[in-house]
Amino acid sequence: MASWGLRLFRLHRPLGVLAGAMVLLAVACVFGLLLDDRTLVNAPLWAKPFKFAVSVALYAPTLAWLLSLVKRGRRAGWWMGTAFAVGMGTDMALLVWQVLVQDRPLHFNHETAADVTIGNILATGAFTAWGATAAVVVLLLFQKLPDRALTSALRWGTGLAAGGMGLALMMFSASPAQQRVLDSGGTPSMIGGHTVGLEDGGPGLPLLGWSTVGGDLRIPHFVGIHAIQALPLLALALVALSRRYPALSNELVRRRLVWTGAVGYAGVIAITAWQAMRGQSIVRPDFWTLAATAGLVTVVALGGVLAARVPAERHALRGF
């Protein structure tokens, strides 16, 4: 762990500080979940800080590694990483203060002027982090890396991650009940929410909290932002597997498999977002959700087969 931390600090010190702080917060949250039975919006008080800490602890080192690959615009990349660290670090500090210290909801809270101010600062930090990630996507478009499959994975992964962050904007629209209060001239204590079709705080999956009775926009948001890890890991896994499966030593095969994986990943984001927007729980998919999922699986499976076979056929024709 010490060696890993030193490497991360060498890659990008602000992101290293952020990752280290999130690891400490995650450990503290584990003890909080075990020893503190308080709840907030019908969920364990420590659950939200734990989920965010783990997510950011994974995201920050990944972004630092991506920035280490940037040769053109390296200084601009460093500043983008720093902007992400400051923006996300600010948001995490507000989360700890509002949830763990004040015992109050962080997101969508309009109960007091202080809550609104905290929400505005939170939004600024989130937009800063999103903008920094989007800028890294642009920087990666102009980089030439030795492995083209990894290049594709990095571009797809950061692009989908930026889109996944953007999906959070859908959570800030007023629900029908909240809109009725606004239309009557009142000010609801909460404006926006994770759940579609219902108010937040209903039954949810253990720890994750994703609604089991309605649509939940956190799901496509979560899937989207972690494309930045999933797709580069796919590219690296294909390289590792090439020692056992010779077909994967062909760079074109790996690149096409990465494209196939990226299309599949984008499909998962789209299906979970579509499901959530229709007010449908992730654990109660209807016929159309299942049909779309089956179609996606079929497309990805066929794409994987074609990606592996076409170069081999061309090679055989050339030899003939």
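This is a predicted model: local features need pLDDT of at least 70, side-chain atom pairs count only at pLDDT 80 or more; totals for chains, interfaces and linings use all residues.

Student: What makes the pairing of Arg 254 with Asp 147 a salt bridge?

Tutor: The closest N and O atoms of Arg 254 and Asp 147 are 2.4 Å apart, and the rule asks for a side-chain nitrogen of Lys or Arg within 4 Å of a carboxyl oxygen of Asp or Glu, so the pair counts as a salt bridge. This pair links distant parts of the chain, since Arg 254 lies in helix α10 whereas Asp 147 lies in the loop between α5 (113–141) and α6, 107 residues apart. Arg 254 counts as buried because its relative accessibility is 8%, which is set against the limit of under 20%.

Student: How many salt bridges does this rule give?

Tutor: The count comes to six salt bridges. One of them joins the side chains of Arg 218 and Asp 216 at 2.7 Å, N to O, and Arg 218 and Asp 216 are both buried.

Student: How do you know that the span of helix α9 agrees with its number of residues?

Tutor: Helix α9 runs over residues 227–241 and has 15 residues, which at 1.5 Å a residue should span 21 Å. The expected span uses one less than the number of residues, and because the end C-alpha atoms of α9 are 21 Å apart, the two values agree.

Student: Which residues of α9 are buried, and what covers them?

Tutor: The buried residues of α9 are Ala 227, Ile 228, Gln 229, Leu 231, Pro 232, Ala 235 and Leu 238, and what covers them includes α3 (47–68), α6 (148–166), α8 (218–225) and α10 (251–277).

Student: What does UniProt say about residues 219–241 and 77–101?

Tutor: The UniProt record, an unreviewed entry, places the feature "transmembrane region" at several spans, including 77–101 and 219–241. In the model, residues 77–101 are 100% helix and 0% strand, with end C-alpha atoms 35 Å apart, while residues 219–241 are 96% helix and 0% strand, with end C-alpha atoms 30 Å apart.

Student: Why is Gly 77 called buried?

Tutor: Gly 77, which is in helix α4 (residues 74–101), has 1% relative accessibility and so counts as buried, the limit being under 20%. Leaving aside neighbours within four places in sequence, Gly 77 is in contact with Leu 67 and Leu 139.

Student: What makes Val 27 partly exposed?

Tutor: Val 27, found in helix α2 (residues 13–35), has 44% relative accessibility and therefore counts as partly exposed. Together with Val 30, Phe 31, Leu 34 and Leu 35, Val 27 makes a nonpolar surface patch of about 540 Å².

Terms used: Residues are numbered from 1 along each chain as its sequence is written. Side-chain values use heavy atoms; hydrogens and water are left out. Helices (H or I, at least four residues) and strands (E, at least two) are DSSP runs, numbered from the N terminus. Buried means under 20% relative accessible area, exposed over 50%, partly exposed in between (1.4 Å probe, protein chains only). Contact means heavy atoms within 4.5 Å. Patches are made of residues with over 30% relative accessible area and no salt bridge: like charges are joined within 9 Å, nonpolar side chains (Val, Leu, Ile, Met, Phe, Trp, Tyr) within 5 Å. Accessible areas come from the Shrake-Rupley method with a 1.4 Å probe; for residues, only the protein chains shown count as cover. UniProt positions are given in the numbering used here, feature names are shortened, and annotations may be inferred rather than shown by experiment.
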